[in-house]
Amino acid sequence: MRLGIIALLLVTLLLAACSSGAGQRAPASNPALSALPDVGGGPRVVASTSLLADLVRNVAGTRAQVDSLAPAGADVEDYQTRPEDAQRVANAQVLVLNGLGLDHWAESLFARAGRGDAVRVTLSDGLPVIKDPREPASAGNPHLWLDVRLALRYTEKIRDALIQADPAGADGYRANQAAYAQQLDELDGWIRQQVATLPPERRKLVTFHDAFPYFARAYGFELIGVVTPDPGHDPSAGELAQLVSRVRAAGVPAVFAEAQYSPKLVQALGQEAGVKVVTDLYNDSLGPAPADTYVGLMRYDVQKIVEALK
Ligand SMILES: [Zn+2]
């Protein structure tokens with residue numbers, strides 16, 4: 001009986017806390033959601049992918065509540081948004097996307113459901129983009145974060161967006177970003193050391209989709225080919241046979257599938273070309289530990305790549 005009263009009291013107090021918090025904010029586009037409590041006094045942030053959300057968390061610290069739309073393990077490029085995604089977007093004060101087509105679904109969701117006063121940031125904007133020479137009209141390859149120095153540029157944009165949405169938290173965001181930048185700097189140096197242990201003629205990459213041009217440019221790999229330039233569209237038998245010849249001709253020691261996609265085609269390629277197959281690189285989405293943070297994912301991938309190519 002007494003417990004029941006305490007529970008009731010707690011619920012009443014919680015409701016009071018929620019409504020007083022909501023009163024200080026501009027109305028959200030969905031009034032029902034503006035009653036959610038703020039976390040740490042900072043803004044609610046929605047990022048399109050789990051990996052970008054991890055970068056945001058490292059800059060936001062405990063001050064903001066950070067969510068991703070596509071969860072860890074998702075096929076980001078073909079993600080189907082759910083009804084609750086629109087609600088989370090409508091409730092967010094900062095919206096973060098990668099751009100260059102990777103998260104086109106988030107772009108349209110932000111336009112449709114985002115609050116008028118939300119700060120929006122497209123992390124690839126203004127950065128040095130790599131274009132596929134076969135597709136000069138394309139906006140550019142979206143996987144910039146696989147070059148750690150470009151991921152560092154992402155965190156600067158995230159810091160600036162958080163400060164714009166929440167000037168009172170500026171000092172914390174600056175300090176967090178500076179500390180994380182140091183971690184990223186160390187990560188970049190560690191990757192270069194690891195790659196230096198590979199003979200240059202073995203620094204060759206063949207992956208399932210075209211996620212590694214920035215990684216290759218930054219760390220000195222040659223891209224020999226990809227199984228499909230467009231996830232969701234499998235190559236023809238003829239295209240796969242051409243790739244098998246390229247793998248053989250280039251003396252590629254191993255080929256790489258990615259955890260968010262079926263490894264079958266890469267396994268077929270490896271078997272046909274007579275080379276090792278690694279099935280679980282992570283790139284567009286975070287995975288299970290140790291790939292459950294950006295830094296962990298990069299370390300994991302580099303270890304796998306260096307081991308397989310040695
Ligand atoms: Zn991708």
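A residue counts as buried when 20 or more other C-beta atoms lie within 10 Å of its own. The model shown in these views is predicted.

**View 1. Helix 2 is buried along its length, residues 50–60.** The buried residues of helix 2 are S50, L51, L52, A53, D54, L55, V56, R57, N58, V59 and A60. That is 11 of the 11 residues, so helix 2 is largely enclosed by the rest of the structure. What does the covering? Strand 1 (44–47), strand 2 (65–68) and strand 3 (94–97) are among the elements that cover these buried residues. Helix 5 (148–165), helix 6 (170–196) and helix 10 (294–309) are also included. Just after helix 2 comes G61, with a positive phi of about 60°.

**View 2. Helix 3 has buried residues on one face.** Helix 3 spans residues 83–90, and D85, V89 and A90 are buried there. Seen down the helix axis, these buried residues fall within an arc of 135°, so they line one face of helix 3. An α-helix has 3.6 residues a turn, so residues three or four places apart point the same way. On the other side of helix 3, P83 and E84 are exposed. The cover over the buried residues of helix 3 includes strand 1, strand 3 and helix 4 (104–113).

**View 3. The largest nonpolar core has 85 residues.** Which of its residues touch the most other members? They are V45, V56, V94 and V96. Helix 5 gives the most to this core, with eight residues. Domain 1 (25–186) and domain 2 (198–309) both give residues to this core, so it lies between them. Now pick out V56. Not counting residues up to four places away in sequence, V56 touches V45, A47, V66, V96 and I158. In soluble globular proteins, nonpolar side chains tend to be buried together.

**View 4. V129 and L100 are in contact.** V129 is found in the loop between strand 4 (119–122) and helix 5. L100 is found in the loop between strand 3 and helix 4. Are they buried or partly exposed? V129 has 18 other C-beta atoms within 10 Å, so V129 is partly exposed. L100 has 22 C-beta neighbours inside 10 Å, so L100 counts as buried. L100 also has a positive phi of about 60°, although it is not a glycine. Leaving aside neighbours within four places in sequence, V129 is in contact with L100, S124, G140 and N141. V129 and G140 are 11 residues apart along the chain, and their C-alpha atoms are separated by 5.7 Å.

**View 5. Strand 5, helix 7 and strand 6 make a right-handed β-α-β unit.** Strand 5 covers residues 204–207, and both its faces are covered. K204 and V206 are buried on one side, and L205 and T207 are buried on the other. Helix 7 spans residues 213–219. Strand 6 spans residues 222–226 and runs parallel to strand 5, with four bridges joining the two. In strand 6, L223 is the bridge partner of L205.

**View 6. The peptide bond from A289 to P290 is cis.** Its omega is near 5°. Where is P290? P290 sits in the loop between strand 8 (276–281) and helix 10.

**View 7. The chain as a whole has 10 helices and eight strands.** The chain has 310 residues, and buried residues make up 43% of them. Among contacts with a separation of 6 or more, 60% come from residues 24 or more positions apart.

Note on methods: Residues are numbered from 1 along each chain as its sequence is written. This is a predicted model: local features need pLDDT of at least 70, side-chain atom pairs count only at pLDDT 80 or more; totals for chains, interfaces and linings use all residues. A residue is buried if 20 or more other C-beta atoms lie within 10 Å of its own, exposed if 12 or fewer, and partly exposed in between; C-beta atoms are placed from the backbone. Two residues are in contact if their C-beta atoms, placed from the backbone, lie within 7 Å. The arc is that of the directions from the helix axis to the C-beta atoms. A nonpolar core is a set of buried Ala, Val, Leu, Ile, Met, Phe, Trp, Tyr and Cys residues joined through C-beta atoms within 7 Å. Domain bounds come from an automatic or database domain assignment. Two strands pair if DSSP finds at least two bridges between them. A crossover is right-handed if, with the strands pointing away from the viewer, the path from the first strand over the helix to the second runs clockwise.
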